[in-house]
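This briefing covers the strand pairing, the domains and the chain contacts of the structure shown below. Please keep the view open while reading.

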Number of protein chains: 2
Amino acid sequence: MRLLPLCCALLGLGPVARSQPAPPPPAPDPAAATVNRFFTEALAHGQAQAQLRDLTRRYPGRLSGSPALAGAVGWSQQVLAGLGLDRVYTQDVSVRHWERGAPESVQLLAAAGAQPLAAAALGNSAATAPGGLTAGVIEVQSLAQVEQLGRAGIAGRIVFFNRPMNPAVARTPEAYSAAGDQRNRGPAVAAKYGAVAALTRSLTFARDDWPHTGNTAFLPAGPKIPAAALSLLAADRLARALAADPATRVSIQIHAQSYPDAPSHNVIGELRGTEFPDEIILVGGHLDSWDLTPGAHDDGAGVVQALEVLRLFRALGLRPRHTLRCVLFTNEENGLAGATRYATLARTAGGRHLFAVESDSGGFSPTGFNLGSTQGNAHERADRWRPLFEPWGLWHFARGTGGADVGPLLLQGVTVAGLTPDSQRYFDYHHAASDTLDQVNPRELHLGAAALAALIWLVDTQGL
Amino acid sequence: MRLLPLCCALLGLGPVARSQPAPPPPAPDPAAATVNRFFTEALAHGQAQAQLRDLTRRYPGRLSGSPALAGAVGWSQQVLAGLGLDRVYTQDVSVRHWERGAPESVQLLAAAGAQPLAAAALGNSAATAPGGLTAGVIEVQSLAQVEQLGRAGIAGRIVFFNRPMNPAVARTPEAYSAAGDQRNRGPAVAAKYGAVAALTRSLTFARDDWPHTGNTAFLPAGPKIPAAALSLLAADRLARALAADPATRVSIQIHAQSYPDAPSHNVIGELRGTEFPDEIILVGGHLDSWDLTPGAHDDGAGVVQALEVLRLFRALGLRPRHTLRCVLFTNEENGLAGATRYATLARTAGGRHLFAVESDSGGFSPTGFNLGSTQGNAHERADRWRPLFEPWGLWHFARGTGGADVGPLLLQGVTVAGLTPDSQRYFDYHHAASDTLDQVNPRELHLGAAALAALIWLVDTQGL
C-alpha cells in the first residue's frame with residue numbers, strides 16, 4: 001500500500017472535492033461531538049493496554065481459589081482507588097476451588113514408543129489414580145454417538161470427542177456453541193457408560209499445539225472421570241493413529257483436585273449520578289481467568305475496558321446523571337458465583353439497574369453491540385445511534401443476551417448488552433496459554449473501551 | 001466468555017424464539033445463496049493462507065530488481081497454471097532497481113558511548129561515504145519547519161523528522177497519509193537546504209524497535225542524501241537525547257546503491273467470459289514487497305486473495321460472463337511501473353475493462369470496499385448489495401480511488417475498487433520485518449478473498 005495523493009488530486013475524488021460545490025452536509029447530531037471525544041481520548045491517551053500489561057504480568061492464571069485471583073482483586077481495588085471515584089468496595093463471594101495440580105500428561109502409546117499429546121485437564125476433571133491410567137480409545141463425533149454405543153462400546157475405554165468447530169460460519173461464537181457440548185457435557189455422558197476418561201478436541205480454529213481448557217460438568221450424583229482437552233495438532237495425531245490402528249492405547253495422568261469453596265470478591269467502583277443516584281448503569285468484565293493462561297483477552301480486556309470507561313468519564317469531565325458502576329465479577333469461568341451473588345444482592349439493595357453492559361468477547365476491534373431485554377427490542381431502539389458509531393467502525397446493534405455476567409440481571413428484567421468485537425481470532429487464544437498481552441492490539445482494545453463509554457453516555461443522557 | 005444456553009432457553013431470546021410465532025422472514029435475495037457459497041467455501045477450504053506461507057517462506061524481500069521478486073513471478077505463474085484457467089501469461093515491465101546493500105548503522109553518540117538506533121534506509125536513499133558520516137541533529141515536526149530554518153539552520157546537519165502519526169483517528173490510513181510527507185519528501189527538502197542526511201520517525205503506531213522503510217523521492221536535478229527511518233523506540237530515544245543535549249551527534253552508515261532499471265513482469269491469469277469475453281473484470285494485488293520483510297500483509301495477502309478468487313469461481317463451478325482476469329502487479333512499492341505498464345497496454349489492446357478491484361490494505365477482517373469512478377457514484381450503486389455482505393461482517397461501500405495499482409485504470413475511466421479490511425493493525429507491520437505470516441489470521445484472510453469474489457460475481461451477473 002502506498003499514498004495516492006496525486007491520483008486523488010487529479011480526480012477530485014478525495015474526501016473534499018474542490019471542483020464542484022458539495023451539498024451542505026446534514027446537521028450533525030449534537031451528541032456526536034461527545035461520542036467522538038470518547039474515541040479520540042481513548043485512542044490518544046487510553047490506559048487500558050498499560051493496565052492489561054500490569055494485570056497479566058502480575059496475576060496470570062486468575063482461577064477461582066488461586067492466589068493470583070486474590071492478587072487481581074487487590075490490584076483492581078487499587079486501580080479504582082486511583083480514579084477519583086465516589087465509592088470503591090467489594091462483595092464477598094464464595095467460589096468453587098478446583099486445582100490442576102502437577103502438570104497433566106497424555107501419551108499416545110504407538111508401536112514406535114510413547115508420544116506426548118499436548119493436553120490440558122478440563123476444569124472440574126477428576127484425577128487419575130497416582131500411577132495414571134492406560135486404556136483403548138473410542139473416537140466419537142457427538143454425545144448421541146456415545147449414547148448409541150452404550151455401555152458395551154464405552155465401558156473401560158477413553159472416549160475421544162473429536163468433532164471440529166464448523167469453520168464455515170461468520171461469527172465464531174456460533175461455532176463454539178455448536179461444538180461446546182463435547183467439552184461441557186461429553187465427559188459426564190461418557191462417565192455414565194463407564195468410560196475411564198474423556199479427551200476432547202480443543203474448541204479452537206488454531207491449528208497449533210496449545211490445548212484450550214474450560215469447564216466440564218458432571219451430574220451431582222453421577223461419576224466423575226478424568227477429562228482433558230487436546231490441542232488440534234494432538235487431536236489430529238490421535239485420530240490418525242486410531243485410523244491406522246483402532247487398538248491404539250493412550251495413557252493419562254491428571255493430578256487435579258477439588259477443594260471446599262474459597263472466599264473471593266466482586267470489586268466495584270462508582271461515580272454517583274447527579275440526578276438519579278439510585279438508578280444504576282453497570283459496566284463490567286470478569287477478574288478470573290483459567291489457571292494456565294494470562295487471560296489477556298478473556299477477560300483481562302473486559303476488566304481494563306470497564307476501568308477505562310470510568311477514566312474516560314473523568315478525563316472528559318462528564319458527570320453521569322445516573323450512577324455509573326463498574327463491576328469486576330469473580331468466578332465467571334467455573335461457577336458464575338460472582339454474577340449470581342451480585343444479582344441476588346441487587347434484588348434486595350436499594351437502587352434500580354437501568355442498564356448493564358459487559359465486555360467478555362476479547363479486546364478486538366469493536367463492531368457493535370448485542371442487546372437483550374425482557375421488555376421489547378432494545379437493539380432496535382438503540383439502532384438510532386448507529387450514525388454516531390459508524391465513523392468509528394461499529395455498525396450493528398443485534399439482539400442478544402448481553403453475556404454471562406449480566407445474564408442474571410437480564411433475568412430480573414434489566415436491559416443488558418455486550419460489546420461485540422471482531423470474533424475471528426478470539427478462539428485462537430481462548431482458555432489457552434497463548435492468550436497473552438502481545439495478542440492484544442492497543443488501538444483495538446481502546447476502541448472497545450470508548451464504544452462502551454459512548455453507549456453508556458447515550459443511555460445516561462437519552463435513555464434507551 | 002462462556003456458553004449461555006440455559007439463560008437463552010429460559011428467555012426464548014436465542015435466534016429461534018419458540019414461545020411466540022416469528023413473523024415470516026423477508027424473501028431472501030436470490031443472489032444470497034451464491035454469495036454465501038463463496039464465503040463458506042473460502043472459510044472451510046480456502047487455500048490462500050497455505051499459499052501465503054509458501055510465498056513468504058520462499059520469497060521474502062521481493063523488492064524490484066531482486067532475485068526474490070523474480071522467484072515470486074515464477075511461483076505465481078506456477079500457481080496460476082494449476083488453477084485450470086484459460087490463459088496464463090506475463091507482461092514485461094522495466095522496474096527501478098535500488099539495493100540496501102550491507103546493513104545500515106545509525107548510532108547515537110552520547111557521553112556514555114555510542115548507542116545503536118534501530119534504523120532502515122529508505123528506498124532511494126543515497127549511500128554515505130564509505131566511512132559513514134557524523135553530524136549534529138536538528139529535530140523538526142514538519143517540512144515547513146525545514147523551509148523556515150533555511151540553509152542557516154539545516155546545512156551540515158542531519159534533519160530528524162519526528163512528527164508522530166495522529167493516534168486519534170479511526171482509520172489508520174488517514175494518519176499514515178497525514179504524516180507521510182516526512183518520509184516521502186522530507187529528505188528532498190532537507191537536501192535542498194544542505195542537510196547531510198535525514199532520519200524519519202517510522203510511519204507506525206507500534207511502539208517497538210522495528211524500523212519501517214518505504215520510498216522517498218528526490219527531485220531529478222536535486223541533491224540526493226542518505227535517509228533512514230528510525231523505529232519508534234529509537235526515535236523517542238534520539239528525541240530525549242536531543243532534549244537533554246541539543247549538541248548530540250549521530251553517525252550514519254548506509255551502503256545503498258541504485259542500479260539501472262531491471263526486467264520484471266506482471267503475471268496474469270484469466271477465466272474467459274462466456275458472454276462478454278472482451279469485457280474484463282480485474283482482480284489484483286502486487287507481487288513485490290520491501291526488501292527487509294516477508295511482505296505477508298503487504299501485499300502477499302492481496303496476491304493470494306486474488307489467486308483465491310479464481311480458485312473460488314472454479315471450486316463453485318461458476319463461469320463468469322465477462323472475462324475474469326487476475327493481475328499480479330510488479331513494482332508497486334517503488335515505482336508503480338507494473339500498474340502503469342498494464343494500463344498503457346490496456347489502452348491499446350482489444351477489450352474493455354468493466355471493473356478493477358484490488359486488495360492492498362492487509363489480510364485483516366474485511367469491513368467493506370471503497371469504490372471510485374469518474375462517471376458517478378459507484379459506491380452508492382453498490383450499496384444495494386450491503387444486505388448480502390452484512391452477514392459476513394462487511395457493511396460499507398465508501399467513496400474512494402480503489403488503490404495504487406488500479407489507479408491508472410481509474411484515470412482511464414474504469415470503475416475501480418479496493419477491499420477495506422480493518423485497519424487498526426496494518427501499520428504495525430507495514431514495510432517492516434515484522435510483516436510475517438504469523439500476523440495473518442487465516443479466517444480473516446479467507447473472508448477477504450470471499451468478499452472480493454462475491455463482489456466480482458455480483459458485478460459480473462448484475463452490473464454495477
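How far apart do the C-alpha centres of domain 1 of chain A and domain 2 of chain A lie? In this predicted model, the two centres are 33 Å apart.

**Domains of chain A**
- The domain assignment divides chain A into domain 1, which is given as 31-96 + 260-462, and domain 2, which is given as 103-257.
- Across the boundary, 14 residues of domain 1 of chain A are in contact with 17 residues of domain 2 of chain A.
- On the side of domain 1 of chain A that touches domain 2 of chain A, there are 6 nonpolar, 6 polar and 2 charged residues.

**Strand 5 of chain A and its partners**
- Strand 5 (residues 133-140) of chain A runs antiparallel to strand 9 (residues 249-253) of chain A, to which 4 bridges join it, and Thr134(A) stands opposite Ser251(A) in this pairing.
- With strand 6 (residues 158-161) of chain A, strand 5 of chain A pairs in the parallel sense, again over 4 bridges, and here Val137(A) is found opposite Ile158(A).
- Between strand 5 and strand 6 of chain A the chain passes through helix 5 (residues 143-154) of chain A, giving a β-α-β crossover that is right-handed.

**Contacts between chain A and chain B**
- In the contact between the two chains, 45 residues of chain A meet 45 residues of chain B.
- The elements that give two or more residues to the side of chain A that touches chain B include helix 2 (31-45), strand 14 (366-372) and helix 16 (442-462) of chain A.
- By residue class, that side of chain A consists of 21 nonpolar, 15 polar and 9 charged residues.

How values were computed: Residues are numbered from 1 along each chain as its sequence is written. Chains are lettered from A and ligands numbered from 1 in the order in which they are written. This is a predicted model: local features need pLDDT of at least 70, side-chain atom pairs count only at pLDDT 80 or more; totals for chains, interfaces and linings use all residues. Two strands pair if DSSP finds at least two bridges between them. A crossover is right-handed if, with the strands pointing away from the viewer, the path from the first strand over the helix to the second runs clockwise. Two residues are in contact if their C-beta atoms, placed from the backbone, lie within 7 Å. Ala, Val, Leu, Ile, Met, Phe, Trp, Tyr, Cys and Pro count as nonpolar, Asp, Glu, Lys and Arg as charged, and the others, Gly among them, as polar. Domain bounds come from an automatic or database domain assignment.
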